[in-house]
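Notebook open, structure loaded. I want to jot down what I looked up, one stop at a time.

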Amino acid sequence: MNKLTIKTNDKALTVRMSDTDAEVWFGTLCRALLGDYADIAAPASADTADVADVAPATADDELEADAQLPVLTPSVAPADDADPQGYKGFLHIKCKTCGEVAAYCVNHPRIEHSCQACGAATPLLDLHKATFACECGNKWVYRTNETDRMIEQACLRCGAPMTAEQDKNGDYWPLR
């Protein structure tokens, strides 16, 4: 069992998970923070983030945080339902202008997707649930605006392609 902790000066998040999952999530978060994922919003100003300004946490802070946190597993990624402010969580969005598909995770509600290929804005309205299951055992849940009968997504853990088929309600379920 391993712990992955993200801290700011006044906030902290610690998640307990397997060693393998911790390695995957650590790499993904590092690449996102270093700008390797264009779909994830960058900080407003790069010069405001200074590693030297982060105060070290005490052992008491970590014990208090551990006592309050549930055990989460990244193998099931819940997609949050829409609220009046938009969607958050894992999104699988097809640009309404050029057809380019982008998959990413957002922590703050979004009401539109800005295409990296053509720059067009696609409103996020009436997104359907898309569940993907990988051969490696991981399950991922996205929200999507796709209308195709079948869609594909790469597994976040192993990179293998996963396919989901649309049901009569517009939601997508994994092909087995």
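Is Glu165 buried, exposed or partly exposed? I looked it up in what is a predicted model, and Glu165 comes out partly exposed, with a relative accessible area of 29%.

**Entry: charged pairs**

I ran the search over the whole structure and got two salt bridges. Glu165 belongs to one of them, with Arg149 as its partner and the closest N and O atoms 3.4 Å apart. I checked where the two sit: Arg149 is in the loop between β9 and β10, while Glu165 is in strand β11 (residues 161-166), so this pair ties together parts that are 16 residues apart in sequence.

The other pair I noted is Asp148 with Lys94, whose side chains meet at 3.4 Å, N to O. Asp148 lies in the loop between β9 (139-144) and β10 (150-154) and Lys94 in strand β4 (residues 87-94), so here the parts tied together are 54 residues apart in sequence. I also looked up accessibility for both: Asp148 is partly exposed at 34%, and Lys94 is partly exposed at 27%.

**Entry: a histidine**

Next I went to His113, which is in strand β6 (residues 112-114). Its relative accessible area is 2%, so I put it down as buried. What does the side chain of His113 make a polar contact with? I found the side chain of Tyr104, at 2.8 Å. Leaving aside neighbours within four places in sequence, I also listed what His113 is in contact with: Ile93, Ala102, Tyr104, Ala120, Ala121, Thr122 and Leu124.

I then took a look around Ala164. Not counting residues up to four places away in sequence, Ala164 touches several residues, including Phe132, Ile151 and Tyr172. Arg149 is also one of the residues that Ala164 touches.

**Entry: the hairpin**

Last stop, β1 and β2. Strand β1 (residues 2-7) and strand β2 (residues 12-17) run antiparallel and are joined by six bridges. A hairpin of four residues links β1 to β2. I looked up Thr5 too, and its bridge partner in β2 is Thr14.

How values were computed:
Residues numbered from 1 in each chain as written. Predicted model: local features only at pLDDT ≥ 70, side-chain atom pairs only at ≥ 80, totals over all residues. Heavy atoms only, no water. Buried < 20%, exposed > 50% of the residue type's maximum accessible area, 1.4 Å probe, protein only. Polar contact = N/O pair within 3.5 Å; in protein donor to acceptor, adjacent residues only side chain to side chain. Contact = heavy atoms within 4.5 Å. Salt bridge = Lys/Arg side-chain N within 4 Å of Asp/Glu carboxyl O. Pairing = 2+ DSSP bridges.
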